[in-house]
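I opened the notebook to log a look through this model. I will go loop by loop and helix by helix.

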Amino acid sequence: MRLTAITERLAGLGGGKWEVHLKARQMAAAGADLVEMTIGEPDVPTPPELIEAAAQAMHAGRTGYSDGRGEAHLRAALADCYSTSRGRKFGPENILCFPGTQTALYAVLQGVAEPGTEVLAGDPMYATYEGVIRASGAEMVPVPLRPEAGFRMQASDLAARITPRSRAILLTTPHNPTGAILTAHDLREIGELAVQHGLWIISDEVYEHLVFDGAEFVSPLSDPALADRVIAVSSISKSHAAPGFRSGWAVGPADFCSALLPVSETMLFGNQPFIADMTEKAVREGSSVAPGMTSRFAARAALLVQRLHGETGLRVHRPEAGMFALVDVSATGMDGDAYAWDLLDSGVAVMPGSAFGESLKHWVRVALTIDDESFATALDRIVAHANRKSRSVA
């Protein structure tokens with residue numbers, strides 16, 4: 001039977017990136033003594049007050065169809081939140097609700113990109129970005145995020161890759177997998193290029209509430225000069241430890257949101273009213289779990305740096321936010337893929353950096369989301385493994 005072009009565009013962009021993780025799950029299920037540091041989920045359960053809010057809404061009959069834009073009270077809450085945090089006025093007309101950041105990003109790209117166009121995205125990048133860009137028919141143009149620049153997108157690197165076919169710049173701040181945060185200066189220079197070339201800016205800001213002490217999050221939504229071209233996507237998955245509820249949104253110009261609404265409605269026609277009620281509570285009251293997660297993730301990142309820099313030849317890029325850290329494994333004589341598979345035999349599962357872009361060929365990503373005892377065990381095993389490999393290389 002014949003398949004469509006989208007299946008060809010997305011071929012090879014699925015589960016292959018997660019082979020080490022899937023193998024680790026198989027080994028653990030078979031009884032292997034294994035510490036998983038592959039995927040990042042909050043290290044606490046969804047707060048009980050949010051679960052209770054969703055349950056009460058269901059018992060109250062909030063299980064029918066939703067407004068295609070998202071429930072009005074949730075959009076009002078999000079508009080109030082963004083007006084306060086970004087220093088600009090937003091209204092419900094600037095909001096579209098989706099089941100998670102991923103769906104929001106997919107829909108937004110359907111609205112700004114198409115076959116024959118290009119979307120610029122930082123390399124490394126979150127594993128699904130290439131797929132959501134290709135799904136629109138556009139080509140992804142990787143922009144190198146250099147370690148020496150703190151893995152922050154540089155305007156000079158971006159400018160060198162803009163062509164007449166460019167339509168959008170996809171930013172992630174704070175960034176996954178690097179944990180880097182774009183500065184106000186970075187965003188100003190990127191914004192000037194977007195204005196000069198008539199480009200959209202799409203900003204994935206899902207880690208906004210997991211910023212470590214000493215770092216500062218800045219959103220391109222805060223710049224009035226970019227008001228007609230910035231679309232931000234986010235959710236409560238990370239900030240409120242609620243990934244399974246799939247509750248996210250897009251924030252952007254009112255005319256863009258209206259134009260995108262038919263696209264959204266053909267996909268899902270609104271999200272669940274009882275989840276919208278829960279999300280409104282989350283947005284209006286803030287997160288009871290984000291401060292604790294932020295503190296623990298920062299402490300684990302610091303311990304990772306201390307142990308690996310002090311006891312091995314491995315080098316860590318210290319994150320400023322988020323749930324992950326990158327480790328340069330060049331000292332072992334292996335690339336990231338070979339290292340991840342080899343480390344698996346020593347009882348630790350990590351993600352090869354190549355899953356996030358070829359620029360991380362000699363890196364791996366480790367999750368900071370496991371409990372402290374398991375994290376300490378993993379560090380002991382990583383240190384022992386690295387020293388064995390370094391001796392063999394020498």
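Which loop holds P124? I found P124 in the loop between β3 (118-123) and α6 (129-135). I note that this is a predicted model, and I read every entry below that way.

**Entry: cis peptide bonds**

The peptide bond from D123 to P124 is cis, with omega near 15 degrees. I then looked at another proline, P174. A cis peptide bond joins T173 and P174, and here omega is about -5 degrees. I placed P174 in the loop between β5 and α8.

**Entry: positive phi**

I went through backbone angles next. F151 is not a glycine, yet its phi is positive, at about 60 degrees. F151 sits in the loop between β4 (139-144) and α7. Is F151 buried or exposed? I read a relative accessible area of 3% for F151, so it is buried, the cut-off being under 20%.

I located R246 in the loop between β7 (230-235) and β8 (248-251). R246 has 34% relative accessibility, so I logged it as partly exposed.

**Entry: helix α8**

I stayed with α8, residues 184-197. Its 14 residues should span 20 Å at 1.5 Å a residue. I found the end C-alpha atoms 20 Å apart, which agrees.

Which residues of α8 are buried? I listed D186, L187, I190, G191, L193 and A194.

The buried residues of α8 pack against α7, β5 and β6 (200-204). I then turned to the face away from the buried side. That face of α8 carries the exposed residues E192 and Q196.

**Entry: helix α11**

I took α11 next, residues 290-311. Helix α11 has 22 residues and reaches 31 Å from its first C-alpha to its last. I noted that this is close to the 32 Å expected at 1.5 Å a residue. The buried residues of α11 include A290, M293, F297 and L304. I also logged two arginines, R300 and R307, among the buried residues of α11.

**Entry: R165**

I placed R165 in the loop between α7 (155-159) and β5 (166-172). Its relative accessible area is 38%, so I count R165 as partly exposed. Which residues does R165 touch, not counting those up to four places away in sequence? I found G116, T117 and E118. R165 and E118 are 47 residues apart along the chain, and their C-alpha atoms are separated by 5.6 Å.

**Entry: the annotated range**

I looked up the record last. UniProt, in an unreviewed entry, lists residues 33-382 as "domain: Aminotransferase class I/classII large". Over residues 33-382 I read 38% helix and 17% strand. The end C-alpha atoms of this range are 14 Å apart.

Note on methods: Residues numbered from 1 in each chain as written. Predicted model: local features only at pLDDT ≥ 70, side-chain atom pairs only at ≥ 80, totals over all residues. Heavy atoms only, no water. UniProt positions renumbered as here; feature names shortened; annotations may be inferred. Helix = DSSP H or I, 4+ residues; strand = E, 2+ residues; numbered from the N terminus. Buried < 20%, exposed > 50% of the residue type's maximum accessible area, 1.4 Å probe, protein only. Contact = heavy atoms within 4.5 Å. Expected span 1.5 Å × (residues − 1).
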